[in-house]
Amino acid sequence: MVRELNLRFKLSIQQKGGVGIRALRRIFTQMDFNGNRKLDSQEFEQALAAFGIFPKKVELQALMKYYDTDGDGNINYNEFLSGLKDDLSERRINMVRKAFAVMDRN
């Protein structure tokens, strides 16, 4: 349920030009209606609606929990980015491991 909702949200953001860090920062700032640099549940629900996603209360709560990794009841910008990123493929994981091995001196 959460992954499906999040995928719809990510696709909707991409369709509206949300590709790249600067565009995502702009989108996050627009969603932060009260300007406190965090999205509360109501702001997040309004933001989802602006992207054509209207989750049920239980779905919204699950999606908030997915994004709100520090459990403070809000979504900060880093949590927002983290929630939108895709999982690394096996190939990319191997590349990261190789790069780390080169940089790791001990």
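Buried means under 20% relative accessible area, exposed over 50% and partly exposed in between, with a 1.4 Å probe and protein chains only. The model is predicted, so local features need pLDDT of at least 70 and side-chain atom pairs count only at pLDDT 80 or more, while totals for chains, interfaces and linings use all residues. Residues are numbered from 1 along each chain as its sequence is written, and side-chain values use heavy atoms, with hydrogens and water left out.

**Exercise 1.** Classify Phe28 and Phe80 as buried or exposed, and describe their ring pair.

*Solution.*
- Phe28 has 2% relative accessibility and therefore counts as buried.
- Phe80, at 0%, counts as buried.
- Rings of Phe, Tyr and Trp (its six-membered ring) pair if their centres lie within 6.5 Å; planes under 30 degrees apart are stacked, over 60 edge-to-face, and the rest tilted.
- Here the centres are 5.3 Å apart and the planes stand at 50 degrees, so the pair is tilted.
- Phe28 belongs to helix α2 and Phe80 to helix α5, 52 residues apart, and the pair links distant parts of the chain. Helices (H or I, at least four residues) and strands (E, at least two) are DSSP runs, numbered from the N terminus.

**Exercise 2.** State how many aromatic pairs there are, and characterise the one between Phe9 and Tyr67.

*Solution.*
- By the ring rule there are nine aromatic pairs.
- Phe9 and Tyr67 make an edge-to-face pair, 6.5 Å centre to centre with 70 degrees between the planes.
- This pair joins helix α1 (Phe9) to helix α4 (Tyr67), 58 residues apart.
- Both Phe9 and Tyr67 are buried.
- One aromatic cluster takes in Phe9, Phe28, Phe44, Phe51, Tyr66, Tyr67, Tyr77 and Phe80.

**Exercise 3.** Find the buried residues of helix α5 and explain why they lie on the same side.

*Solution.*
- Helix α5 spans residues 77-84, and its buried residues are Tyr77, Glu79, Phe80, Gly83 and Leu84.
- They cover an arc of only 160 degrees around the axis, which puts them on the same side of α5; the arc is that of the directions from the helix axis to the C-beta atoms.
- The buried residues of α5 pack against α1 (2-15), α2 (21-31), α4 (57-67) and β2 (75-76).

**Exercise 4.** List the contacts of Met31, leaving aside neighbours within four places in sequence.

*Solution.*
- Contact means heavy atoms within 4.5 Å.
- Met31 is in contact with Phe9, Leu39, Glu43, Ala47, Phe51 and Phe80.
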